[in-house]
Structure formats: C-alpha cells, structure tokens
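Good morning, and thank you for joining this meeting.

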Amino acid sequence: MITISIITVFPELHESFISLSLLGKAQEKGLLKINLIRFSDFVAPKERIDQQLCGPGAGMMLKPEVVEKAINHCIDTHGDGFKIFFSPQGTVMTQPVVKLLAEELFDSPSTDTQQPALLNHAHIILVCPRYEGMDARVEQEYADTVISIGDYVLMGGDLPAQVLLEALLRYAPGIVGNAESVEADSFTGPLLDHPAYTLPVTWHEQEIPPIIRSGNHEAIAQWRREQACKKTILQRFDWFRAAQPSKELCNEAKKTIPPHYVVLMHDQVKLADGSIGTSSVTSIDIHDTARSCATYGIQNFFLVTPLVDQLSIVETFLNFWHSERGKKYNPSRFKAVSRVRTEISLARVLTSIEAETGKKPLVITTSAKIMSHATTIDYHSQGTVWAHNRPIVFIFGTAQGLADEVVNQSDYLLLPITGMTDYNHLSVRSAMAIILDRWLGLQPKLPKKLPH
Ligand SMILES: C[S@@+](CC[C@H](N)C(=O)[O-])C[C@H]1O[C@@H](n2cnc3c(N)ncnc32)[C@H](O)[C@@H]1O
C-alpha cells in the first residue's frame, strides 16, 4: 500500500481529481491511500492560516507554524514521509526527474503489483502552498525536494501536486495497467512517441497509414521508429541532443536533417575603410574550419575567393592534403580537408549545391551585429529550418563581415553570438565552431541526482 498525504488549503480541489482518475481505482483496490489534510485544521477557530509578508511589498503567506503542525500531524499519523514541496523555483519536472523520484520512492515494478510499497519511506507528503508561496525557512527545514512543473507561476501548489501524482504514479507497481507503455512513451529516452491512430481507417479524408494495418509487426516497428525520430528532430531537437542518443539513433536522425554546407567568404565582405571588397585567405582558417566541419558532419566547406593568385595558394595547400603524402602525414587532417572545396563566387557555390542535391539551398547568413533582416532566427530554430527539407548553407564573412547585399539576399540571418561583455571580436573560426555546435552539436546532460 502506498500512502500519500496532500496538505492543502482546498482539499475539495483534489476530491474529484482522485475519485475520477486511475488514483481512485487504485484506492478502491487497496493499492493506494490518499489523505487530504486541510491547513485550517491547525489553527484555532476563526484564526487565519496566513499573514502579511515581512518587509516591503504586499502579499500573504502561510504561517510557518501552521505548515509545521500540518506536516507533523501527517508524520504522527502515518510515519515519517518523503516531503515534496512545490515552487516555480524548484527543480523543473521532466520525465527523467519523475523517474528518479519514482526510483527513490517505489519498489521496483517487478515486485508484488498486488501490494505496491514505498521504499525507504512510510509515506509521501505533498505540501501545497498558496498566496506568495512558502516561507523560505520552512522549505529549508522540511522539504526533501522542491518541484516546479514549469517556468510559469500558478496561484498555488495544488495543480502541481496533481500533475506530479499523475506522472509519478505511472511508475508505481500495479497502478498503470501496462508498464511497457510507460517505458515507450515520449521523453523516456531520446525520442518522442510515434504517431498513433484508432479506427475509423479514414477520418476527415485522412487515412491511417496502410503499413499500420499491414499486420507486418517488424515493418510497423520500423515505421514507428522512423516517424518518432523524424518528429523528435523537427519538433524537439533540444530534447534529442541532450538525451545522449546512440550512434545508431544519430544515424537515423541524419535522414531527417538536411545536408549542411559552410561557405567562408573572401569576397563581398566589408573592409576596414567601409568599402566592399575581397580579403586574403589564411591557412589556419582552412585547417580549423575543415576540422569543425568534419566534427559536425558538414557536407562540404567552400572557400570563396575570386582572386586567381589566392585560389592558387589554396589549391597548392589542398593538393598536399588531398595527396597520399598528406594522408600518410596526418590521416585525420586528410579526412577533414577532403571536404574542402574552392569557388570563385557565392552564386557558383549555390548552383553547384543545387546541381548535386537537386534542391535549391536555403541560405543562412551570420553576423557579429544585430541587423534588420526580415527573418532573423535564433539557435533553437533548427526544426523550422529543417522542415523545408532543403540543403542548408551557412555563410560566414571574413574581414569586417558579410556585405549587406549578401545578408539581404539570404533566407535567414542568425542572431549574433554574444558574451556578457562589450567585446565582440571573435575570429571567424571561433564563431563558426560555436555556431556549428549550437546548431548541430549534441549537448549531453548527465543524469540528474534527485534534487534535495
Ligand atoms: C503565486 S505562487 C508564488 C510564486 C513566488 N512568489 C515566485 O515568484 O517564485 C504560489 C505557490 O503556487 C505554487 N506554484 C506556482 N507556480 C508553480 C509551478 N510552476 N510549479 C510548482 N508550483 C508552483 C507554489 O507552491 C507557490 O509557492
């Protein structure tokens, strides 16, 4: 039996939630016992449970002694419990956080589902403040963990408590019918769940994909995985990249991510005197850019210069790295440099990408300054851009940056990279590495420890 106490100003808010949900059924079966505890039972008749905030500013707050008495009452009645407080400033509730809490609280699902039990704790105590929240000292003294259900502010902790219970109890043995479906749901791993359908086969002129009705379980599993991956990449790349996806999943993801190209412009750039012109190539840019591009899976890195002598310097350098001697000298550099190409104009780069891929490339320009551009994007816009399913070309400028004309003709302008200082003079190599990492890099998050 799992025992839960909810301490609240309004027990009525929880009554229908409990009786109408799976929680009510679990109570009927004797798997769960939920106690509703009212703060006002711990003050004398007509005494208030709240009082003014200390210091300047209006607002009311629960009296610390009332919260304390309510918690101690729960402990005296049902034994010491794991105390969960709610605050928008707490640990944001995600599926991994819920799973960690479940691991701390519940017996493993393989144990007796007829009589699920709590590990290490006699019961779970949920404390739901209202008004201006909880006195900081009470939280410090009593909370085993403080949970936020998202970055917004509600009027009280009651809905957060219900949200947490709905998520948490799915991991409690015996309460959700099919434990397997919990593990297959969105956010349990790097992927969102696959699209799901029920009858009728055709609804509002939309048909259930025939493969779902094919009876071929292997093909259905494969289709679902592909769809789940596609949806995740386009809608929640932030989640995917942070969830430590396997190499195999990354390869699957690449089917949805269009090919990316990088262009380094030594033409159509702003010069120190304000004019537009050309700049000189530098070998370190080529090396470092090639290595960044190889790391982030860029299809090709194009160096653009219209100057014949500059081109010939680059060609000599590339010829060495493309040769057997270069390969022997440094195989990994050979691999990186093998994707470097030269062109005499941006127009020719775009034409050659279109010829190779059969699709008109989508151009994203970069700048160190905020510029007025019809479509400025940030570093979370991958899904929107990738949904076009066109090759993506990132354009970087040398000298003082790209000419306005190049930016104005691009499809998107990326927000500048900025630190918390007034200094903004990154080398193009550094800017490119940062941008490629923000756009395409994995950003693994270590599994969280249970917040205390
Ligand atoms: C009006 S809020 C207090 C907000 C507080 N002054 C702040 O800005 O952090 C009152 C109570 O509602 C609950 N609450 C509001 N938003 C929440 C959220 N996003 N997650 C969890 N609890 C929340 C908390 O229990 C909080 O103490």
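Predicted model: local features only at pLDDT ≥ 70, side-chain atom pairs only at ≥ 80, totals over all residues.

How many salt bridges does the rule give here? The count comes to 17 salt bridges, where a salt bridge is a side-chain nitrogen of Lys or Arg within 4 Å of a carboxyl oxygen of Asp or Glu.

Residues are numbered from 1 along each chain as its sequence is written, and side-chain values use heavy atoms, with hydrogens and water left out.

Let me take some of these salt bridges in turn. D158 is paired with R130, and their closest N and O atoms are 3.0 Å apart. This pair links distant parts of the chain, since D158 belongs to helix α6 and R130 to the loop between β6 (123-127) and α5 (136-142), 28 residues apart. Helices (H or I, at least four residues) and strands (E, at least two) are DSSP runs, numbered from the N terminus. Are these two partners buried or exposed? D158 counts as buried because its relative accessibility is 1%, and R130 counts as buried because its value is 16%. In these terms, buried means under 20% relative accessible area, exposed over 50%, and partly exposed in between, with a 1.4 Å probe and protein chains only.

A second salt bridge joins the side chains of R225 and E248, at 3.8 Å from N to O. This pair also links distant parts of the chain: R225 lies in helix α8 (residues 217-235) and E248 in helix α10 (residues 247-253), 23 residues apart. R225 is partly exposed at 35% relative accessibility, whereas E248 is exposed, with a relative accessible area of 54%.

A further salt bridge is formed by E343 and R348, with 3.0 Å between the closest N and O atoms. E343 is buried, at 14% relative accessible area, while R348 counts as partly exposed at 46%.

I now turn to the ligand. Which residues are closest to the ligand? They are F86, Q89, I149, Y152 and L154, among the 19 residues that surround the ligand; a residue is near a molecule if one of its heavy atoms lies within 4 Å of it. By class, this shell has eleven nonpolar, seven polar and one charged residues.

Several distances between the ligand and polar atoms can be given. An N or O atom in the side chain of Q89 is 2.7 Å from an oxygen atom of the ligand. For I149, a backbone N or O atom lies 2.9 Å from a ligand nitrogen atom. A polar backbone atom of L154 is 2.8 Å from a nitrogen atom of the ligand. The ligand taken alone exposes 580 Å², and the protein buries 85% of that; accessible areas come from the Shrake-Rupley method with a 1.4 Å probe, and for residues only the protein chains shown count as cover.

Two or more residues of the shell come from each of the elements β5 (81-92) and β7 (145-148). β5 gives the most, with four residues.

Finally, let us return to L154. L154 is located in the loop between β7 and α6 (158-168), and L154 counts as partly exposed because its relative accessibility is 37%. Thank you for your attention.

Note on methods:
Polar contact = N/O pair within 3.5 Å; in protein donor to acceptor, adjacent residues only side chain to side chain. Nonpolar A, V, L, I, M, F, W, Y, C, P; charged D, E, K, R; others polar.
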